[in-house]
Amino acid sequence: MQNNYDNQVVFGGFFARFAAYVIDSIIVWIALLFVRIPLYFIFSHIDGYILFHYTFKDIILYLCGVSYFVLCTYCTGTTVGKRAMNLQVVNVNGGKLSLFNVIYRESIGRFLSGICMGLGYILVGIDKEKRGIQDILGDTRVIYCGRRGGMSSYHTKNPIQ
C-alpha cells in the first residue's frame with residue numbers, strides 16, 4: 001500500500017516508544033491493583049483453568065490492561081505514555097484508526113511482537129518507517145506529533161479530524 005506522507009513526517013523510534021510503553025505499563029499496573037484486590041476476594045474460592053493455564057481472573061486482568069491501550073489509542077490516537085513522548089498512532093495514510101485496527105494492533109499485534117524474545121519490537125529499530133510487527137499487521141505508523149502536541153507540521157494529505 002502506498003502512503004501519502006510528506007517529507008516532514010518523523011516516525012517514532014525505538015527508545016521513545018519503549019519509554020512510552022514503560023510509562024503506560026506503570027499506569028496499567030497501578031490501575032490493575034484496584035481491580036486485583038476485589039478479584040482476589042471474588043475468585044479466592046474458585047480454582048480452575050479456563051483457557052490453557054489461565055484462570056478467569058487472569059483473563060479479566062488481561063482484558064482490563066488491553067482495554068486501556070485500545071480505548072486510549074482509538075479515542076485520541078495516543079496513550080498517556082505516548083503523549084508524554086509526543087507520539088501518536090495513525091493509519092498508513094496519516095488518518096484516524098478504525099476500531100478494528102486498534103483492537104487488532106493492541107491485542108494480536110502486541111502478542112506476536114512479544115513472541116521470540118520481543119523480536120517484533122526490535123524491528124522498530126531496524127525498519128525505515130520504524131514499524132514493529134503490530135504496526136505492519138495493523139497498517140499503522142507511530143509518528144511524532146510536533147512541538148505543541150498537534151499534527152500540523154507532521155501531517156499528511158488526510159488530516160485527522
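Visitor: Which residues of H2 are buried?

Guide: First off, keep in mind that this is a predicted model. In H2, the buried ones are Leu61, Gly65, Val66, Tyr68, Phe69, Val70 and Thr73.

Visitor: And what covers them?

Guide: The cover for the buried residues of H2 includes H1, H3, S3 and H4.

Visitor: How many residues does H2 have, and how far does it reach?

Guide: H2 has 21 residues, and from its first C-alpha to its last it reaches 30 Å. That's close to the 30 Å you'd expect at 1.5 Å a residue.

Visitor: What follows H2?

Guide: Gly77 does, and its phi is positive, near 80 degrees.

Visitor: OK, switching to H1. Why does its end-to-end distance make sense?

Guide: H1 runs over residues 14-42, so at 1.5 Å a residue its 29 residues should span 42 Å. The end C-alpha atoms are 40 Å apart, which agrees.

Visitor: Where does H1 bend?

Guide: At Leu33, by about 30 degrees. Leu33 also belongs to a nonpolar patch on the surface, along with Phe18, Val22, Ile26, Trp29, Ile30 and Phe34. Together they have about 720 Å² of accessible area.

Visitor: Trp29, then: buried or exposed?

Guide: Exposed, because its relative accessibility is 51% and the cut-off is over 50%. Trp29 is found in H1.

Visitor: So which residues of H1 are buried?

Guide: Ala16, Arg17, Ala20, Asp24, Val28, Leu32 and Leu39. The buried residues of H1 pack against H2, H3, S3, H4, H5 and S4.

Notes
Residues are numbered from 1 along each chain as its sequence is written. This is a predicted model: local features need pLDDT of at least 70, side-chain atom pairs count only at pLDDT 80 or more; totals for chains, interfaces and linings use all residues. Side-chain values use heavy atoms; hydrogens and water are left out. Helices (H or I, at least four residues) and strands (E, at least two) are DSSP runs, numbered from the N terminus. The expected span of a helix is 1.5 Å times one less than its number of residues. The bend at a residue is the angle between axes fitted to the seven residues ending there and the seven starting there. Buried means under 20% relative accessible area, exposed over 50%, partly exposed in between (1.4 Å probe, protein chains only). Contact means heavy atoms within 4.5 Å. Patches are made of residues with over 30% relative accessible area and no salt bridge: like charges are joined within 9 Å, nonpolar side chains (Val, Leu, Ile, Met, Phe, Trp, Tyr) within 5 Å. Accessible areas come from the Shrake-Rupley method with a 1.4 Å probe; for residues, only the protein chains shown count as cover. A salt bridge is a side-chain nitrogen of Lys or Arg within 4 Å of a carboxyl oxygen of Asp or Glu.
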